Amino acid sequence: MFCPRCGSILIPKRSGKKSKLVCSCGYKTGKGEKVILKEKTVFTARDKIEVIDKKAEVLPRIKEECPKCNNGEAYYWTVQTRSGDEAETRFFKCTKCSHTWRVY
Ligand SMILES: [Zn+2]
Ligand SMILES: [Zn+2]
């Protein structure tokens with residue numbers, strides 16, 4: 001954010017609960033920090049959606065034989081069935097025929 005009056009970089013300054021952007025020339029704006037925070041939130045939300053999409057597409061692969069077509073490679077992921085001492089369940093999905101099975 002630059003000062004519209006003199007072109008210098010505006011400095012965020014707190015006054016009570018509100019934050020203002022101020023310039024050394026005396027220019028002030030009431031919108032300052034709140035607007036910046038809004039932009040940041042939108043960016044984070046978009047970023048999160050992108051990360052989730054990537055995760056769903058790129059599951060880690062492991063050398064595991066498919067019981068259906070004997071293909072030697074499968075995607076895998078783990079799911080915690082119950083909270084506590086229960087071991088997590090491992091899921092496999094064949095990279096060739098998409099057959100899905102699980103191992104306890
Ligand atoms: Zn200024
Ligand atoms: Zn298979």
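Two strands count as paired here if DSSP finds at least two bridges between them, and the strands themselves are DSSP runs of E with at least two residues, numbered from the N terminus. With that in hand, let us walk through this predicted model.

We can start with the overall layout. The chain contains one helix and seven strands. Read from the N terminus, its elements follow the order β-β-β-α-β-β-β-β. Of the 104 residues, 7% are classed as buried.

Strand 2, made of residues 18-22, runs antiparallel to strand 3 and is joined to it by two bridges. To find this pairing in the structure, look for Leu21, whose bridge partner in strand 3 is Thr29.

The other sheet to visit is an open one of four strands, again with antiparallel pairing, in the order 4-5-6-7. Its edges are strand 4 (61-63) and strand 7 (100-103); each of them has a single partner strand, so one side of each is left without a neighbour in the sheet. From one strand to the next, the twist averages 40°.

Strand 6 covers residues 89-94, and its antiparallel pairing with strand 7 extends over four bridges. One pair to look for is Phe91 with Arg102, its bridge partner in strand 7. Strand 6 and strand 7 form a hairpin with five residues between the strands, and there Ser98 takes a positive phi near 65°. Ser98 has this positive phi although it is not a glycine. What makes Ser98 count as exposed? A residue is exposed if 12 or fewer other C-beta atoms lie within 10 Å of its own, and Ser98 has 12 such atoms within 10 Å, so it falls in that class.

From the loop between strand 6 and strand 7, where Ser98 is found, we can turn to another loop, the one between strand 4 and strand 5 (73-79), which holds Asn70. What is the phi of Asn70? It is near 65°, a positive value in a residue other than glycine. Is Asn70 buried or exposed? Asn70 counts as exposed, because it has 10 C-beta neighbours inside 10 Å.

How values were computed:
Residues numbered from 1 in each chain as written. Chains lettered and ligands numbered in written order. Predicted model: local features only at pLDDT ≥ 70, side-chain atom pairs only at ≥ 80, totals over all residues. Axes fitted to C-alpha atoms, helices over the stretch in contact; angles between N-to-C directions. Buried ≥ 20, exposed ≤ 12 C-beta atoms within 10 Å, placed from the backbone.
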